[in-house]
Amino acid sequence: MPFSIDQVVPWGRTLDEYEAMFSLSPQDKAGCILGCADGPASFNAEMTAQGCRVVSVDPLYALTPEAIAQQGREAFDLMLEQARCNRQDFVWDRISSPEALGQLRMKAQHLFLEDFPCGKAEGRYIDASLPDLPFSDGTFDLALCSHFLFLYSQQFDLEFHVRAMQEMLRVAREVRVFPLLQLGGAPSPHVSGVVAACRAAGLCAELVLVNYEFMRNGNQMLRVEEPMS
């Protein structure tokens, strides 16, 4: 059966994946970055260890480390079963097998959980969610959204996606979203509407090829920013 999930699941990615998914340059990493819906990704932990400035937001951060770990174990079984049943929908080069996928995701979660108590105390992990962010205008140089917007197109409508983009653009001068596919691998029906809304607001919005493809044909991100003067 096609890959199918009824709700958002905690399934974190690594810094190496973020760098590839979002084509992050050294200049990008030198700025102040917001990660939206980061979940149990190790991106924040690994970036912080390199001396970079990252804040992650996710409603998951309201939970205890123990509760997050339990959700991760439940996601592990669900996601690996889905990956095994739908192997043809993925590109098994960067990640070689469903078992390797599980190991990578649990490694990311382990690094996240080690960092979470300290990071939460430092204000790097904040219990918040799109489309309402607790930051002042222009707080960040770059906002990233991995595997939430567009991926859950059946759960969140176009209005939600547009409001989420508007909010990220309020707090950051540039926004990047990856991937542009929905669960099951079909193109998200909301991409064109979000692009149109951004361009109508006078913003530069473009689809950009990236050096990352795990979901088959999922090798594009959406980049939106203010036009250069």
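I began at C32, which stands opposite R53 in β2. I note that the model is predicted, with local features requiring pLDDT of at least 70, side-chain atom pairs counting only at pLDDT 80 or more, and totals for chains, interfaces and linings using all residues. Residues are numbered from 1 along each chain as its sequence is written, and side-chain values use heavy atoms, without hydrogens and water.

I then looked up the pairing of β1 (residues 32–36) with β2 (residues 53–57), which is parallel over five bridges. Two strands pair if DSSP finds at least two bridges between them; strands (E, at least two residues) and helices (H or I, at least four) are DSSP runs, numbered from the N terminus.

Next I traced the sheet. Seven strands form an open, mixed sheet in the order β3-β2-β1-β4-β5-β7-β6. β3 (125–126) and β6 stand at the edges with a single partner strand each, so one side of each has no neighbour in the sheet. I found α6 packed on the sheet, touching β1, β4 (140–146), β5 (172–178) and β7; contact means heavy atoms within 4.5 Å. The direction of α6 makes about 140° with that of β5, where axes are lines fitted to C-alpha atoms, for helices over the stretch in contact, and angles run from 0 to 180 degrees between N-to-C directions.

Finally I examined α7 (residues 191–200), whose buried residues are V191, V194, V195 and C198. Seen down the axis of α7, they fall within an arc of 100°, so they line one face of the helix; the arc is that of the directions from the helix axis to the C-beta atoms. On the other side of α7, I recorded S192 and A200 as exposed. Buried means under 20% relative accessible area and exposed over 50%, with partly exposed in between (1.4 Å probe, protein chains only). The buried residues of α7 pack against α6 (158–171), β6 (204–209) and β7 (220–225).
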